Structure formats: structure tokens, C-alpha cells
Amino acid sequence: MTRRLWALALVGFVAVGCGHAGGPAEKKRPVVGVTLLTQTHDFYKELEQGLQEEADKRGLELVITSCEMDPAKQAAQIEDFVAQKVAAILAAPCDSDAIGANLAGAESAGIPVFTADIAAHGGHVVSHVASDNVLGGRLAAAAIARLLGGKGKILIIDHPMVASVQDRVKGFEEELKKSPEITIVGRPSSDGQRAKAMAVMEDMLQAHRDLKGVFGINDDSALGALAVLDAAGRKDVVVVGFDATPDAQRAIKAGGALKADVIQYPKKIGHTVIEMIARHLAGEKVPPVVAVEVGLVDQASLGGQ
């Protein structure tokens, strides 16, 4: 064989042995399609950070989208993930009932589905990771009962389309049975949005001038109510929120009508649900529901004025 033929043979051997000049091809990371309720709320910003941190540790690639509270948009996002043949889908549903039918395509394609923060009513979900919302509701009720001395008329600013809120209200009402002199005068919805909560609070203050307490199912609801109470000079009404976002914590520390807040740990929820996904993809059995602890903060615990 000539020297030229030997050289060509050696090049061919190296190409076959190495795959390409840069070395072995990197193993493709499993892709997880994520559809969130929103990316604008502080809670979901922290949740997303937790998702990404844990995915980086476990070698998963995330494609993160948000439906911004639009069920049709979330349905389209799930359809796209199925078409892309992702390894898994993670959803934080904007409508717990509507999303069930939208998961059928993923199930038919053999794509496992997981939920975080908000559960799906229907469809096959491998594992749901969320705060212990029933306990959170009980903590909120115990706080408002203590602040009111066990009596008075109160309002729940609700968001009944969402399973996590349904659990919060369930826990709240169960705990409130211990205080029979506290009456819930209404459960209007603000869809978890601050501007709508302000409109709700204005209407309810007119309808119930002897109102003494408000439970906001998230901090946008609580802070919306707080803004209206401050504008009306109503220092006789107490507010308890849910999330303990930085804005809410500052309001509590300042000593206004917002007196207490149920604190969640969204980053831990993010870490935990990605752990469940990674373990499932590795062939492990994972629990169908994982509850993440909650707590209560007030002016004393936050070191306020």
C-alpha cells in the first residue's frame, strides 16, 4: 500500500472511532416542557428559578412557557409539547377543570405529566407537588380569628377555578368552625388579580359597612384589599394574605391592615417537582402527591415596627 493510501486509511479509522473531530457526541439531555399559570407573579418567578436550578443539577433541559391565565393558550402549549415529543410535561394549570381534557394527547403519546402548585382535575398525572394548602388555609383562619377576638363579619376574596385555592378555602372554613361568632359574608372572586381585588373590596365595603376581616387567597388579592382599605381610612378591618411575597411582607412590617400572611416556599416546590420528574424518567416510582410545608408570618416574626 502506498504512503498516501496508508494516510487515508488512518484518517478513516480515526473518523469511525471518534464520531467527529471534536470527540464523542454529547448525550442529548431529556427535554421537559413547562407551562406555567403566569411568569409575572413573584411566587412563579421563584418557582421558575427553583425549576431551573434543579434541572441544571439533574441534566434536564427545560422549555418554559406561560399561559398568563388563558386556558386556551395553555391547551395549545401542551399540544405543542406533545408534537415535540418531549420527555415529560410539567403544568401549573390556570383552570384545574379545563386542563384535564387537554392532557389526553400526552397520555396517548406516552408522555408523563406532572403538576406543580395547582392540581389538575382529570387526566393522568404522575405526581403533583404543591404547598400544603389546606393547612395554609387553617393557619390563615386561626390568625384572623385571633386578630378579631373570635367574632365579626369577614370576606374571602376567592379564585374558585384553581384547585390550590379550593384547598385553601376548605382549610380556612374548616378552621373557622371553631369560631362560630365569625361570619363569612361573601366569597367573590378576583381571579387572583390585584386590580380586580380592589374592585371587589370597594363593592363589599359598600355592601357590608360593618366588615371586620378579609382573607385574600393570594397576596395580589390581599394587597388589592389593603389599597382600598387604606384609601377609605378603614383601620378597623384586618387582612390576612397567602404567599408572603416581598410586597406583602413590607406591608405587614409597616403595621397597616395586612396583619399576617401564609408563607409558601416556591423554590422548594420547583426543586421537588423536578426531582420527581428525574426520578420517574430514571425508572423509579414516585409518590402521587408531595406536600411542601407552609408557615405563618406576622409583624413580630418579620421584625416590623
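A: Start with Ile 89, which touches Gly 33, Ile 78, Phe 81, Val 82, Ala 106, Ile 111, Pro 112, Val 113 and Phe 114, leaving out residues up to four places away in sequence; contact here means heavy atoms within 4.5 Å. The model is predicted, so local features need pLDDT of at least 70 and side-chain atom pairs count only at pLDDT 80 or more, while totals for chains, interfaces and linings use all residues. Residues are numbered from 1 along each chain as its sequence is written, and side-chain values use heavy atoms, with hydrogens and water left out.

Ile 89 belongs to strand β3, residues 88–91 (strands, E, of at least two residues and helices, H or I, of at least four are DSSP runs numbered from the N terminus). With a relative accessible area of 0%, Ile 89 is buried (buried is under 20%, exposed over 50%, partly exposed in between, with a 1.4 Å probe and protein chains only). Helix α3, residues 71–84, holds Glu 79, which is exposed at 56% relative accessible area.

β3 covers residues 88–91, and Leu 90 is one of the residues with the most contacts inside the largest nonpolar core, together with Leu 51 and Phe 172. That core has 54 residues; a nonpolar core is a set of buried Ala, Val, Leu, Ile, Met, Phe, Trp, Tyr and Cys residues joined through side-chain atoms within 4.5 Å. Its largest share, six residues, comes from helix α11, residues 266–281. Leu 51 has Leu 90 among its contacts, along with Val 34, Leu 36, Leu 62, Gly 270, His 271, Val 273 and Ile 274, again setting aside residues up to four places away. A second, separate core of 26 residues includes Met 204, Ala 222, Val 239 and Val 297.

Ile 89 can also be related to the largest pocket. Its C-alpha atom is 14 Å from that of Leu 37, 52 residues away along the chain. Leu 37 is among the residues nearest the centre of this pocket, with His 41, Tyr 44, Met 69 and Asn 218, out of 23 lining residues. A pocket is an open set of points on a 1 Å grid over the protein atoms alone, where a 1.4 Å probe fits, with protein on both sides within 12 Å along at least five of seven lines; lining residues have an atom within 4 Å of a point. The volume is about 280 Å³, taken as the space filled by probe spheres set on the points, which are joined across faces, edges and corners. The lining divides into eight nonpolar, nine polar and six charged residues (Ala, Val, Leu, Ile, Met, Phe, Trp, Tyr, Cys and Pro are nonpolar, Asp, Glu, Lys and Arg charged, the others, Gly among them, polar). Helix α7 gives the most to it, three residues.

Met 69, in the loop between β2 (61–66) and α3, is partly exposed at 33% relative accessibility. Although not a glycine, Met 69 has a positive phi of about 70 degrees.

Helix α7, residues 163–176, also holds Ser 164. Ser 164 is buried at 4% relative accessible area and, apart from neighbours within four places in sequence, contacts Asp 117, Ile 118 and Asn 133.
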